[in-house]
Amino acid sequence: MQSTIRRHRELFSSVHKRPLMYLLRPDFSSGAAFVLGCHVADEAILTGFQEWLVTRVGCGSNVFWPHLVLRLTEPVGPKNPRELDSETDRRAFDALFSLLDEFLALREEHDSLRRVYRAYEEWQELRDDQGCPESGASECPVVDWPRPASIDRAGP
């Protein structure tokens, strides 16, 4: 699995740097579709990505991961990729590949999925204890999400 993760990190980095070599359009929707296709085609590379994003956002366990990336990109405003202005779309595209790289760096570490799911379970317990509605992003708890050791050493 390590080589698969490394291969995908390199592929996603290349897509981010040269999107028109891989995508019809260099936009968030095309990037997200490409990433999802990689997940479906090759060993479920995004296993745990949704849960990892939820612990960062503080809500959204009931929405598809591209919408969580949009929420991290633009906390207020449209969450539909078709409603993004060109600047926000570019930021969302960059955020997608930055988040993927961080997540996949974490996945290369020992016991990473257990750490992701443990943080997600902690988030669910906090949400249930506080009576947090799924739709209330500002009222939902954010837990310390698992981060790769290379980022932990580098600081926030």
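Predicted model: local features only at pLDDT ≥ 70, side-chain atom pairs only at ≥ 80, totals over all residues.
Residues are numbered from 1 along each chain as its sequence is written, and side-chain values use heavy atoms, with hydrogens and water left out. Local features need pLDDT of at least 70, side-chain atom pairs count only at pLDDT 80 or more, and totals for chains, interfaces and linings use all residues.

**View 1. Contact of helix 3 with helix 4.** Helices are DSSP runs (H or I, at least four residues), numbered from the N terminus. The axes of helix 3 (residues 49-57) and helix 4 (residues 65-73) come within 10 Å and cross at roughly 30°, which makes helix 3 roughly parallel to helix 4. Axes are lines fitted to C-alpha atoms, for helices over the stretch in contact, and angles run from 0 to 180 degrees between N-to-C directions; angles under 35 degrees count as roughly parallel, over 145 as roughly antiparallel, 65 to 115 as roughly perpendicular and the rest as oblique. Phe49, Gln50, Leu53, Val54, Arg56 and Val57 of helix 3 meet Trp65, Leu68, Val69, Arg71 and Leu72 of helix 4 (contact means heavy atoms within 4.5 Å). The residues of this contact comprise eight nonpolar, one polar and two charged.

**View 2. Contact of helix 2 with helix 4.** The axes of helix 2 (residues 28-41) and helix 4 cross at roughly 135° and come within 11 Å, an arrangement that makes helix 2 oblique to helix 4. Helix 2 contributes Phe28, Ala32, Val35 and Leu36, and helix 4 contributes Trp65, Pro66, Val69 and Leu70. Eight nonpolar residues form this contact, with no polar and no charged residues.

**View 3. Contact of helix 4 with helix 5.** The two axes come within 9 Å and cross at roughly 115°; helix 4 and helix 5 are therefore roughly perpendicular to each other. From helix 4, Trp65, Val69, Leu70, Leu72 and Thr73 meet Thr88, Arg91, Ala92, Ala95, Leu96 and Leu99 of helix 5. Eight nonpolar, two polar and one charged residue take part in the contact of helix 4 with helix 5.

**View 4. Start of helix 5.** A side-chain oxygen of Asp85 reaches to within 3.1 Å of the backbone nitrogen of Glu87 at the start of helix 5.

**View 5. Polar contacts of Glu108.** Glu108 lies in the loop between helix 5 and helix 6 (112-130). Its side chain makes a polar contact of 3.0 Å with the side chain of Arg6 and another of 2.7 Å with the side chain of Arg9. A polar contact is a pair of N or O atoms within 3.5 Å; within protein, one must be able to donate a hydrogen and the other to accept it, and residues adjacent in sequence count only if both atoms are side-chain atoms.

Notes
Helix = DSSP H or I, 4+ residues; strand = E, 2+ residues; numbered from the N terminus. Nonpolar A, V, L, I, M, F, W, Y, C, P; charged D, E, K, R; others polar.
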